[in-house]
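Okay, thanks for coming, everyone. Let me put the structure up, and then we'll walk through a couple of its helices.

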Amino acid sequence: MIAAQIMDQRTGADVWREAWHNSADLLWAEWRDDLWLQDLYGSRVHILGPAHGFAGNVLALASGNLLEPARRTELERRALVAAAKYANRSDGLAQWPMSLEPREGKSQEVRTQWCHGAPGIVASLATLAPRDEQLTDLLVAGGELTWQAGPLVKGANLCHGTSGNGYAFLKLFKRTGDELWLERAQAFAMHAIEQIEQTTATYGRGRYTLWTGDPGAALYLHSCLTATAAFPTLDHF
């Protein structure tokens with residue numbers, strides 16, 4: 001859907017918009033409960049994060065404003081209900097589980113990463129219903145948890161690293177206009193630079209992949225310098 005959206009923007013050819021709508025119809029039809037059921041690596045589970053589950057599907061449906069107005073309204077309503085339902089909230093913080101059921105061969109430890117946990121939920125849903133105060137409060141709580149958890153020891157990468165988490169702050173800056181979130185994003189950026197320098201010195205080379213390596217971190221640094229919140233490959237605004 002994201003690829004079709006980009007090609008529609010670049011070419012204006014009807015075939016790409018048709019492909020997007022056909023895919024959206026299929027995805028919508030599979031949204032039978034509050035979350036999608038994922039058949040992934042031998043497990044049938046309800047996953048919440050953007051990499052493999054709910055938040056990523058919502059982001060794909062919401063991208064580019066290609067949904068009909070009535071379905072867009074319903075998308076936002078259902079997404080807000082699900083996000084609130086599965087949020088674990090305490091002391092002004094919010095966190096989300098990786099999945100509702102155990103995944104075969106996967107640890108069920110709570111994760112605070114873009115792929116699983118509060119950062120990815122915040123980054124994926126922050127453009128929805130921009131004037132909805134309940135959603136803003138929930139996303140801010142997720143951002144606070146991300147900040148208090150601090151940079152990730154897994155590295156500077158996007159998927160499960162400091163840079164991916166930092167996009168939650170950039171999204172909140174764009175949604176709220178509060179400079180605090182931009183400052184926090186830039187603080188994470190400085191830490192990401194140190195992580196890259198340290199790992200390069202340790203192993204004698206960089207890691208040259210977009211999602212788990214230095215290119216993704218470089219794009220995050222650029223986003224911090226320009227105060228923009230578009231997540232690489234997923235957002236286009």
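Let's start with α3: its buried residues are F54, A55, G56, N57, V58, L59, A60, L61 and A62. Buried means under 20% relative accessible area, exposed over 50%, and partly exposed in between, using a 1.4 Å probe and protein chains only. Helices here are DSSP runs of H or I, at least four residues, and strands are runs of E, at least two, numbered from the N terminus.

Quick housekeeping: this is a predicted model, where local features need pLDDT of at least 70 and side-chain atom pairs count only at pLDDT 80 or more, while totals for chains, interfaces and linings use all residues. Residues are numbered from 1 along each chain as its sequence is written, and side-chain values use heavy atoms, leaving out hydrogens and water.

Back to α3, which spans residues 54-62: nine of its nine residues are buried. What do they pack against? That would be α2 (14-29), β1 (38-40), α4 (69-85) and α5 (118-125). Just after α3, G64 has a positive phi of about 75°.

Now α1, residues 2-11, where the buried ones are A4, Q5 and D8. They sit on the same side of α1, because they cover an arc of only 105° around the axis, taking the directions from the helix axis to the C-beta atoms. That buried set packs against α2, with contact meaning heavy atoms within 4.5 Å. The face turned away carries A3 and R10, both exposed.
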